[in-house]
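I opened this model to look up charge pairs, surface charge and helix faces. My notes are set down in the order of the look-ups.

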Amino acid sequence: MARSGLAAAARVARWADAALGPGPDGASPSGKGTLSDETAEQAAVDLGLTPSQVRADWDTARLAGLIEVHGDSARPGWRLRAWNRDDSAVLRGWVALFDAWSLACPEPSGQEPAPVAEVVSAMPQVLSFLQLSAGPVPVAQLLDLLEQRVTELRTERCEIPYGPQPDPTEQRTADAPLTPLAPLLEWALRALASVGALTYGDGQATLTPLGSWAVWVKLEQICVAAQSPAGNIEQSAENMLRGCAQLRPNAARAEYRAWLAARPVGNAVTELLGAARGEDALLRGLAFEALRVVGAPAEPDVRSVADEPALRPYALLWLAEHDGIDPEDAHEVLTRHEATWLWVDTAAAVADHGEAPMLVRHLESALQPTVPALLDEVQAVGHPRTVQVLVALAAAHPDPALAKAVRRAAFQVHTGGS
């Protein structure tokens with residue numbers, strides 16, 4: 001169902017990939033991921049559609065992640081690339097469209113932003129009720145539920161109006177401000193129907209099998225988030241990673257999954273990469289471990305940071321594993337310079353957060369066959385923490401002669417000598 005529901009969007013996305021990609025002398029996008037009139041008309045001719053249909057399918061492709069907007073340009077998303085070989089990519093695309101239902105159709109004109117936002121916030125409860133009902137539900141019943149949920153949201157925000165309060169016996173008058181929710185409920189149901197989550201007509205609504213599955217997935221994610229072993233769900237990416245630093249690998253992965261389940265994947269990936277750009281090398285490594293839990297949806301963002309020196313080795317290893325290379329062999333994609341930079345970065349994490357014996361053992365993991373060769377390459381790699389790493393290694397190593405050589409290398413890096 002997801003594949004058939006997104007087929008028209010995928011068709012337009014493939015056309016754009018061929019007609020607007022580098023090289024072809026055809027129509028061009030107008031910037032910011034939108035289609036110019038010329039482009040829409042050419043696509044309509046090529047695909048046998050109307051320009052309005054092209055624009056609608058293009059918008060669906062963007063919401064489903066088949067097309068990704070980067071600045072003023074649009075490019076095929078990983079879901080389009082994986083369309084024919086990966087059913088999970090298709091399902092993820094449909095779930096992204098489902099999550100963006102409020103953007104799929106314009107809201108009724110003349111509505112204030114606040115009640116629109118309240119209805120969007122309240123719809124998950126309405127959808128859960130539809131799923132539990134497992135059949136058609138009268139719209140009037142859904143409206144009652146929506147009004148109750150919006151009232152709860154307003155109470156949670158402690159919205160107490162100023163001025164004289166209505167007589168408690170005049171309940172209908174007190175409830176009057178909620179009556180404009182009827183057109184907003186109709187808008188929400190039509191928007192959800194347009195993305196294939198439900199059917200709406202004859203005064204009732206019914207979840208489609210795909211919509212029922214999506215609601216079940218969302219409920220499952222909430223349950224996963226509630227099972228956070230270390231309680232870092234509401235923390236920033238940086239604080240969450242710090243909280244996971246002392247956990248065993250399996251426990252840390254469970255924490256990553258819970259943290260990821262509680263927020264949109266795009267925001268989570270952006271936060272994790274932001275934490276990876278910080279000065280703490282330990283967080284850099286942990287951030288990419290969390291990105292391994294994210295999997296394929298993180299691929300475009302990870303690929304986009306592969307040119308950043310501080311993130312490049314981690315990104316290349318992540319991409320290699322994502323492409324199916326055995327993790328034990330993934331290091332072979334790194335140049336000697338990149339591998340040495342990564343060795344220093346990892347040593348910095350050990351020096352900051354580990355114990356002296358761990359730093360000594362880390363020396364044995366270097367690619368260079370001898371300590372002098374390692375020191376030569378470490379001095380040349382230009383890592384900002386080189387001096388601190390060498391000083392810590394010299395202080396930790398039990399061999400006085402080797403410690404002296406390491407201290408000499410640290411001094412040469414510090415003074416810029418050779």
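I am working with a predicted model, in which local features need pLDDT of at least 70, side-chain atom pairs count only at pLDDT 80 or more, and totals for chains, interfaces and linings use all residues. Residues are numbered from 1 along each chain as its sequence is written, and side-chain values use heavy atoms, with hydrogens and water left out.

**Entry 1, salt bridges.** I searched the whole structure and noted 16 salt bridges (a side-chain nitrogen of Lys or Arg within 4 Å of a carboxyl oxygen of Asp or Glu). As background, side chains of opposite charge can pair when their charged atoms come close.

Asp87 sits in helix H6 (residues 87–99) and Arg3 in helix H1 (residues 2–5), so the bridge ties together parts that are 84 residues apart in sequence. Helices here are DSSP runs of H or I with at least four residues, numbered from the N terminus. I then checked the accessibility of both partners: Asp87 is exposed at 54%, while Arg3 is partly exposed at 28%. The classes are buried under 20% relative accessible area, exposed over 50% and partly exposed in between, with a 1.4 Å probe and protein chains only.

Arg242 belongs to helix H13 (residues 237–244), and Asp280 to the loop between helix H15 (265–276) and helix H16 (281–294), so the pair links parts 38 residues apart in sequence. Arg242 is partly exposed at 38% relative accessibility, whereas Asp280 is buried at 13%.

**Entry 4, Arg303 and Glu299.** I noted a salt bridge of 2.4 Å, N to O, between these two side chains. Both residues lie in helix H17 (residues 299–304), four residues apart, which is about one turn of the helix. Arg303 has a relative accessible area of 42% and is partly exposed; Glu299 has 13% and is buried. I also traced a network in which salt bridges with shared partners join Glu238, Arg242 and Asp280.

Which residues gather in a patch of negative charge on the surface? I listed Asp326, Glu328, Asp329 and Glu332. A patch takes residues with over 30% relative accessible area and no salt bridge, like charges being joined within 9 Å.

I listed the buried residues of H3 (residues 37–47) as Thr39, Ala40, Ala43, Ala44 and Leu47. They cover an arc of only 135 degrees around the axis, which puts them on the same side of H3; the arc is taken over the directions from the helix axis to the C-beta atoms. On the face turned away from that buried side I found the exposed residues Asp37 and Val45. Just after H3, Gly48 has a positive phi of about 70 degrees.

I placed Leu142 in helix H9 (residues 139–156) and noted it as buried at 0% relative accessibility.

Key: Helices (H or I, at least four residues) and strands (E, at least two) are DSSP runs, numbered from the N terminus. Patches are made of residues with over 30% relative accessible area and no salt bridge: like charges are joined within 9 Å, nonpolar side chains (Val, Leu, Ile, Met, Phe, Trp, Tyr) within 5 Å. Accessible areas come from the Shrake-Rupley method with a 1.4 Å probe; for residues, only the protein chains shown count as cover. Lys and Arg count as positive and Asp and Glu as negative; His and the chain ends are not counted. The place of a charge is taken as NZ of Lys, CZ of Arg, CG of Asp or CD of Glu.
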